[in-house]
Amino acid sequence: MRDLELVSRLHPVSKVLQQSQWDCGLACVCMVLRAFGQPTCTVAKLTHQLQTQSPWTIDLAFLLQQNLGQIDFTYYTTYAGVNPDHVQRSFYSEELDADQSRVLRLFARTRISQDVRVVELEIPLIDLERFLVHRQYVAMLLVDNSALRCVVCIASQKASGFLGHYILLIGFIPSLDMFMYRDPGIPEEFCLATAATIDAARKRPGTDADCIILKI
C-alpha cells in the first residue's frame with residue numbers, strides 16, 4: 001500500500017473535491033486543469049463558466065477545450081446525442097427537457113467545427129488499460145456510482161438505483177489488475193478498483209460508456 005501511496009502522491013493530477021452533489025464532473029475537469037498549470041482553477045470558477053447545474057459529458061469536453069486550447073483529447077461515447085432511454089431514468093428526468101436543446105446543439109457543433117473530437121464508440125477495456133498503464137494519460141469516466149467499489153475505502157453499501165458520477169482514472173496496475181483513480185466525492189486521496197468493477201460501472205445503462213481520454 002505504501003508504494004501505491006507514493007504513486008498517487010507523485011502523479012501530476014492532484015485531488016479536487018466536488019462542492020455539491022452535481023459537480024463531480026467539474027471537479028474532475030479542475031484536476032486536469034491544475035495539472036496543466038492552472039493552479040487557481042476552482043470548481044466555483046468552472047461553475048460560473050458553465051452556467052448550468054446539470055452538466056453532461058459533452059459540457060465537460062467543451063470546458064476542457066475552452067480552457068486548454070489545442071491540447072489533444074478524445075471523447076468516446078456510445079450515443080452522440082441525447083439517448084432516448086434516459087427518459088425512463090429518474091436520475092435524468094427532472095432536467096432532461098431543459099438539457100436536451102443545449103446538449104444536442106453542442107454535439108451538432110462538434111460535427112461542424114470539430115472543436116471537440118467525439119468518437120461514437122465504447123472504448124475497449126484493453127485500450128483503457130493501455131492508456132493508463134504508463135500514467136501518461138488520464139481518463140474521465142461517467143460511471144454508475146452504485147456499482148463502483150473501491151478496495152481501499154469501502155465503508156458501506158451504496159444505495160441501489162442508477163447514480164451517475166464522474167471519476168478520473170490516473171493509472172492501471174497490471175500486477176493487481178486494478179485501476180487507480182481520483183474520486184471527487186470522497187476525501188481519500190486515491191481509490192483502487194478492479195478492472196472488472198470499473199468496466200461494469202462504466203457500462204451500466206445510463207452512462208453511454210462516456211469516457212474522455214487526455215494526455216498529460
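**Views of a predicted protein chain**

**View 1. The chain folds into seven helices and seven strands.** Helices (H or I, at least four residues) and strands (E, at least two) are DSSP runs, numbered from the N terminus. Starting there, the order is α-α-α-α-β-α-β-α-β-β-β-β-α-β. Keep in mind that this is a predicted model, where local features need pLDDT of at least 70 and side-chain atom pairs count only at 80 or more, while totals for chains, interfaces and linings use all residues. Residue numbers start from 1 along each chain as its sequence is written, and side-chain values use heavy atoms, with hydrogens and water left out.

**View 2. Here's the inside of the protein chain: 50% of its 216 residues count as buried.** Buried means under 20% relative accessible area, exposed over 50%, and partly exposed in between (1.4 Å probe, protein chains only). Take contacts (heavy atoms within 4.5 Å) between residues at least 6 apart in sequence: 70% of them join residues at least 24 apart.

**View 3. Now zoom in on Thr207, in the loop between α7 (195–203) and β7 (211–215).** Is Thr207 buried or exposed? Its relative accessibility is 1%, so Thr207 counts as buried.

**View 4. Who does Thr207 touch?** Leaving aside residues up to four places away in sequence, Thr207 touches Leu142, Val143, Asp144, Phe162, Ala201 and Arg202. Look at Arg202 again: its backbone oxygen sits 2.6 Å from a polar atom of the Thr207 side chain.

Notes
A polar contact is a pair of N or O atoms within 3.5 Å; within protein, one must be able to donate a hydrogen and the other to accept it, and residues adjacent in sequence count only if both atoms are side-chain atoms.
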